[in-house]
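User: I would like to go through some labels used for a protein model and see what each one rests on.

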Amino acid sequence: MNTLIFDWDGTLADSIDNIVIAMQRAALDVQLPVRSVREVRDIIGLALPDAVAVLYPELGPTEVRQVVEAYSDNYLHLERQPSALFDGVHAALEALRAGGFNLAVATGKSRRGLDRMLASHDLENYFDVTRCADETAGKPDPRMLEEILAELEVTAADACMVGDSEFDILMGHNAGVLPIAVTYGAMTEEQLRRCRPAHCVHSFEEFQGWALPRFRATQSTEVL
């Protein structure tokens, strides 16, 4: 395994609270019922129009766009001070790069949003490939992962998808990529385990500890 593909919100960045608040404020702005924290957390990871459609299935395309615009305005206001990375992420990414991994991001964020976050955390040069929901099919469709694998010229058997939502885990399964769940993000461990991840970790440092020995073992086998 030499390719690690990460979700962004709730996996690398501690942005879940801002996403929930922005969606609830957007609902107030357009005079819709405010969904609960749990309901909003359960749609994190989807492309934004898909997420709105799940929360408000009665809305037509024009109304969905209004909610999307209201959400984006509120989220940008909340993110004037960008959400922090989870503890240990920066150091772990450095160690994983040094360990020989390809690193990639597959996110439900827009390209503009992801680029802003990468720049704010000095991570523009850490990832070999990034894909956003407004560039391709949204999760759990496998196309995002398939495009990453094609660009890196690696097979699904040589990659894993790391995420905090059922959409990440299902996308991994759909693409034939090993799905790894992190339990500190949007969804509960119980929700994630129902999607049959290959492994669950409870911190990013724990993921690093799992990934580095696994990679080294694979390399040793190939040399022998």
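This is a predicted model: local features need pLDDT of at least 70, side-chain atom pairs count only at pLDDT 80 or more; totals for chains, interfaces and linings use all residues.

User: Why is Lys 139 called buried?

Analyst: Buried means under 20% relative accessible area. Lys 139 has 3%, so the label buried applies.

User: What makes the pair Lys 139 and Asp 7 a salt bridge?

Analyst: The rule asks for a side-chain nitrogen of Lys or Arg within 4 Å of a carboxyl oxygen of Asp or Glu. The closest N and O atoms of Lys 139 and Asp 7 are 2.9 Å apart, so the pair meets the rule. Lys 139 lies in the loop between E3 and helix H7, and Asp 7 in the loop between strand E1 and helix H1, so the pair ties together parts that are 132 residues apart in sequence.

User: Why does Glu 151 count as partly exposed?

Analyst: Its relative accessibility is 46%. Buried is under 20% and exposed is over 50%, so Glu 151 falls in between.

User: How do you know that the buried residues of H6 line one face of the helix?

Analyst: Gly 113, Leu 114, Met 117 and Leu 118 are buried in H6. Seen down the helix axis, the buried residues of H6 fall within an arc of 130°, so they line one face. These residues pack against strands E2 and E3.

Definitions and conventions:
Residues are numbered from 1 along each chain as its sequence is written. Side-chain values use heavy atoms; hydrogens and water are left out. Buried means under 20% relative accessible area, exposed over 50%, partly exposed in between (1.4 Å probe, protein chains only). Helices (H or I, at least four residues) and strands (E, at least two) are DSSP runs, numbered from the N terminus. The arc is that of the directions from the helix axis to the C-beta atoms. Contact means heavy atoms within 4.5 Å.
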